[in-house]
Amino acid sequence: MKVFCGRANPTTGSVEWLEEDENYDYHQEIARSCYADMLHDKDRVFTPMAIAAVKIVEKNGFSDKIKVINKHSTEVTVGPDGDMQCRANILITELFDTELIGEGALPSYEHAHKYLVQEGCEAVPHRARVYAQLVESKRMWSWNKLFPVHVQAEDDEKIIVFPSEIENCPGVPSVYDIQLNQVPRNDFTILSDVVTMFSVDFSKQVNSSSTYYTAKLEPIKTGMAQVILSWWDVDMDPAGMIKCTMAPYWVQPTSNDVQWRDHWMQCVYFLPNEEPVLQGENVYLTAYRDEYSVWYKLQKARNEEDKKDAYVGSPLCSCQAHLLWNRPRFGELNDQNRTNQYIQALMTVLEKDSICLCISDGSLLPLLAQYLGAEQVFTVENSAVSHCLMEKIFKANHVGDKIKIIEKRPELLTASDLEDKKVSVLIGEPFFTTSLLPWHNLYFLYARTAVAAHLTNGVTVLPQSASLYMMVVEFKDLWRIRSPCGTCEGFDVHIMDDMIKNSLNFRESKEAEPHPLWEYPCKSLSDPEEVMTFDFRLTVPQQTLSTDGSVNLLRTGKSHGAVLWMEYHLTADILVSTGLVQISDEKGNCKWNPHCKQAVYFFSSALEPETLTDLPSAITYDINFNPKTGEIAMSFKPLS
C-alpha cells in the first residue's frame, strides 16, 4: 500500500506530494534514531526499543523472567488483571536528555511512585545532580545577542546597530545543547567554581511542579557574566559507587579519555543580560524549572527581603530575532570577517546607479548595499516575522525609507513591487531558514530564475556561482551513531541492529544528513574535490546535472563517509565556504565553518567492522542533481 506525503521542498520552494510506502514514517523514525549510539555508551543503563525488545529477550533466554509491556508507563495497570500483578520494588528507567528533565522524566517518575512502585523502593539510577558554572564568552554570547557591524567603505566607516528591544530581549527558553568538549578553553573565561544547583532522588516521591533553586557564588575572577554552562551526573547505586557523568573535559582533567556521547551532551544557557561580577563579591544564581525545562537568573547580593525569590517564568522572545534566527545564525551574523568578505564583494560590483534586489531570509545585505552607495535597494522577505524584524533593524539605522521590503515569494514579484525599475544587481548570501542540507540554499537559483523578467540584460549576480565539494573523512566518534552494536553488556542485540539496518536500506542510507562538524572531530583521508558547479548568472538548467569520478585516499584510516558542503563565489576572487576552513596539520585534522551544518554521507561498508581489513585506496562517486526536484542523489564505492 502507498500513501501520499506532503512536504515543502527547501530547494525549489514548492509544495510537493510524494508517494511513499505506508511504513515510510516508521522506517524513518528507526533509521534516524540514535539507539546504537546509546548502546555504545558503556556507562548507560538502557531500555531497548519496544518493537525489538520481545525478540531480544527471547533470543537471550529470558522470556520466562522478563515481560515486555508495550505501553507508556502512565498507561500501565497494576492488579490481578493488570499489566503488573503487584507494585514493583525496583524502578529502572532511562528518561533523560541533555537537560536531564526535557523528555518528561519528572512527571513520569511522579506517576510511577504514585501508581507503579512500592514505598521505599530502590531506583536505578538512584539520584541525579545538575551542575552549573558561570562563564564569560564572546563566542557563546554571539549565539544569543547581535553585535554592532562595522562597514568600512573607502575612507568612511559606518556601523550597523540593532534596536534596543533586540539587545534587551531575554531570548528563547530552549537550551542550546552542544558538545562543550569541542569548545577550546581560550573561547571562554571561567568566573566561578562549579556548583550543584539541584538534585533529584529517584527512589523517593518526585514532585514535577514548577520550582526554583538558588546557589551562592563567589566569583573567582572579575568579568562579564554572560553564560551558564550546565551538565548532570547520576549515581547508579545508593552509595554512589557507580557514576555516569556528563562533565566536560576541564571539570574532569584526570580522565584520559572522556566518554563520548551524542545523546547526552552539555547545556549552554544565556542570561537575560550580561552582568559585571567582581572577584570575591558574592552573587546569587537561581535555576528555575518547570516539568520539562530549566532557565537561569543571576542577582547581586541581596537584603533579607530580596532573598524571598518569586518564581520567574521562562524567558520569551519579544524582539522576534530569536524566533527567526537560530543560535548558529546569530553567530554567523556576528562574524565580522565573513561580513567583510561580502562588503569587499559588494564594493566591486555596486555603482551609484545600481538597483539592488536581495533574496535571502533576514539578511543584512540590503543594509550593506545601501551603505555602500546603491541607488535603490529592494529586499524580498517570505514571512511576516522577517518583514517586521528587518523593518525595525532598517529603522534603527535610519534607512527605513531607503530600503523597500517586499513580503512576497519571488515568483509573485511584479513590476510595480519594484517601482517599474529593472534590477541591475541581484544579491543573496544565500541563506534561507528552511534549509537543512548545504545545497538547500540553491533555492537562490530557483528564485533568481523566477525573477528573471525583472532583471536587466547585463545583471550582476552575487554570488555569481556555487560549487559543491566533497571529501572522504575518518570520524573520531560520529561514526558510532551508525555503527552496529552487536553485543551490549553480554546481551545479543543483533535483532535491533538488523532492524535499524533494514530501515536505513529503506531510504535513509541513500541520503546525506546534516551535522555541525565543528562539534565532531574528523581527519581528511582525501583532498577536497569540487564535484559540481551551479552558475547563478544563468537560470535553472533543464537537464539533470551528473558527475562521477574518484578521489584517492592520501592517508591511512577508516573511510567512514563523505562530507559535502557548498562554496559560494561572491566574485571571481572572493569565496565564502560553508564547510572546510582548513586542514590544520599533516595528520589531516579538519577545521570547519562553525556557523553551518555540513552534509555527511555514511559509507555502509565502512561501518561494518569486518570489512575494514582491506582498506580502500580510492573512493568512487556518482552525483546527480535533478533540477525538477532540486534534490542531489549520490552513491559512493570503495576501490581496493
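Helices (H or I, at least four residues) and strands (E, at least two) are DSSP runs, numbered from the N terminus. I note that this is a predicted model, in which local features need pLDDT of at least 70, side-chain atom pairs count only at pLDDT 80 or more, and totals for chains, interfaces and linings use all residues. Residues are numbered from 1 along each chain as its sequence is written, and side-chain values use heavy atoms, with hydrogens and water left out.

**Entry 1: isoleucine 66**

I looked up isoleucine 66 and found it in the loop between helix H3 (50-59) and E3. Its relative accessibility is 38%, so I wrote it down as partly exposed. The scale calls a residue buried under 20% relative accessible area, exposed over 50%, and partly exposed in between (1.4 Å probe, protein chains only).

I then found Ile66 in a nonpolar surface patch with Val54, Phe62, Val68 and Phe491; together they have about 360 Å² of accessible area. Patches are made of residues with over 30% relative accessible area and no salt bridge; like charges are joined within 9 Å, nonpolar side chains (Val, Leu, Ile, Met, Phe, Trp, Tyr) within 5 Å. A salt bridge is a side-chain nitrogen of Lys or Arg within 4 Å of a carboxyl oxygen of Asp or Glu. The areas come from the Shrake-Rupley method with a 1.4 Å probe; for residues, only the protein chains shown count as cover.

**Entry 2: helix H4**

I checked helix H4 (residues 105-115) next. Nine of its 11 residues are buried, so the rest of the structure largely encloses H4. Among the buried ones I listed Leu106, Tyr109, Glu110 and His113. The buried residues of H4 pack against strands E3 (88-92), E4 (117-124), E10 (195-201) and E15 (283-289), where contact means heavy atoms within 4.5 Å.

**Entry 3: the sheet with E15**

I followed E15 into an open, antiparallel sheet of three strands, in the order E11-E15-E16. Strands E11 (211-217) and E16 (294-300) are at the edges with a single partner strand each, so one side of each has no neighbour in the sheet. Two strands pair if DSSP finds at least two bridges between them; E15 and E16 have seven, in the antiparallel sense. Tyrosine 288 has tryptophan 295 in E16 as its bridge partner.

**Entry 4: another sheet**

I also looked at the open sheet E28-E34-E35, three strands with antiparallel pairing. Here E28 (545-552) and E35 (631-639) are the edge strands. Strand E34 (residues 618-626) pairs with E35 over nine bridges. For threonine 620, I noted lysine 637 in E35 as the bridge partner.
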